[in-house]
Amino acid sequence: MAVSTGKFNTFTFFKLPSAWWCGVRLRHMDEKKAIVTVTHKWFNQNPFKSMFWAVQGMAAELSTGAMVIAQIKDSGKKISMLVANNTANFSKKATGKITFTCEDGHLIKEAIDKTIATGEGQAFWMKSVGVNEDGVVVSTFKFEWTVRLKK
């Protein structure tokens, strides 16, 4: 993948500033997996002194969407992408450094290839799991991504 984590984090500063200011950072990305971290701070917390659910959502979405963006770029085609649905489960208070990992990158190429071949939109679900520094799962997000060849 031609997209580096440093360039992607610069992209978030200009295009996703709320995520950048909340501390969401892409740490690793390849064709199969992306890792995003965010640290609980006073400016991204809820009234219960844990990380606000929307901040966790931004980090989880980035762990899926960064791979979609990179694979669209690699395809060389003009393809639109959009989250159509999402679900989330919160199992523990998110405090400290939270690491979101998505290992569903293998699903993207098939959807992109199908939309290029048929011209029809394609949908696929990707999962991102957030764990704290002790390795305990704090939240799990699922995103239904849609891709469509632009006319």
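Biologist: Which helix gives the most residues to the lining of the largest pocket?

Modeller: This is a predicted model, and its largest pocket is lined by 13 residues. The elements that each give two or more of them are helix 1 (5-15), helix 2 (17-22) and helix 3 (53-75). The most, six residues, come from helix 3.

Biologist: How much space lies in the largest pocket?

Modeller: Among the residues that line the pocket, F11, L16, E61, L62 and I69 lie nearest its centre. The space in this pocket is about 260 Å³.

Biologist: How many of the lining residues of the largest pocket are nonpolar?

Modeller: The lining holds 13 residues. Two of them are polar and one is charged. The nonpolar count is 10.

Biologist: What accessible area do F11, L16 and I69 have together?

Modeller: These three are among the residues nearest the centre of the largest pocket, and they also form a nonpolar patch on the surface. Patch residues need over 30% relative accessible area, and I69 has 31%. Together the three have an accessible area of about 210 Å².

Biologist: Is I69 buried, partly exposed or exposed?

Modeller: I69 lies in helix 3. Its relative accessible area is 31%, and values between 20% and 50% fall in the middle class. I69 is therefore partly exposed.

Biologist: Which residue forms a salt bridge with D113?

Modeller: The structure holds two salt bridges. In the one formed by D113, the closest N and O atoms are 2.9 Å apart. Both residues lie in helix 4 (residues 106-118), four residues apart, about one turn of the helix. The partner of D113 is K109.

Biologist: What is the N to O distance in the salt bridge of E110 and K114?

Modeller: Side chains of opposite charge can pair when their charged atoms come close. E110 and K114 both lie in helix 4, four residues apart, about one turn of the helix. A salt bridge needs the nitrogen within 4 Å of the oxygen, and here the distance is 3.8 Å.

Biologist: Near what angle is the phi of K49?

Modeller: K49 is found in the loop between strand 2 (34-39) and helix 3. At 59% relative accessibility, K49 counts as exposed. Its phi is positive, in a residue other than glycine, and is near 60 degrees.

Biologist: Is V24 buried or exposed?

Modeller: V24 is found in the loop between helix 2 and strand 1 (25-29). Its C-alpha atom is 7.8 Å from that of T39, a residue 15 positions away in sequence. The relative accessibility of V24 is 1%, and the cut-off is under 20%, so V24 counts as buried.

Biologist: How far apart in space are E144 and F124, C-alpha to C-alpha?

Modeller: E144 is found in strand 6 (residues 137-149). With a relative accessible area of 15%, E144 is buried. E144 and F124 are 20 residues apart in sequence, and the C-alpha distance is 5.5 Å.

Biologist: By what distance are the C-alpha atoms of S18 and V55 separated?

Modeller: S18 is found in helix 2 and counts as partly exposed, at 47% relative accessibility. Along the chain, S18 and V55 are 37 residues apart. Their C-alpha atoms are separated by 9.0 Å.

Definitions and conventions. Residues numbered from 1 in each chain as written. Predicted model: local features only at pLDDT ≥ 70, side-chain atom pairs only at ≥ 80, totals over all residues. Heavy atoms only, no water. 1 Å grid on protein atoms, 1.4 Å probe; cavity = no way out; pocket = protein on both sides within 12 Å on 5 of 7 lines; lining within 4 Å. Points joined across faces, edges and corners; volume = space filled by probe spheres on them. Nonpolar A, V, L, I, M, F, W, Y, C, P; charged D, E, K, R; others polar. Patch = residues over 30% accessible without salt bridge, like charges linked within 9 Å, V, L, I, M, F, W, Y side chains within 5 Å. Areas by Shrake-Rupley, 256 points an atom, 1.4 Å probe, with all protein chains shown as cover. Salt bridge = Lys/Arg side-chain N within 4 Å of Asp/Glu carboxyl O. Buried < 20%, exposed > 50% of the residue type's maximum accessible area, 1.4 Å probe, protein only.
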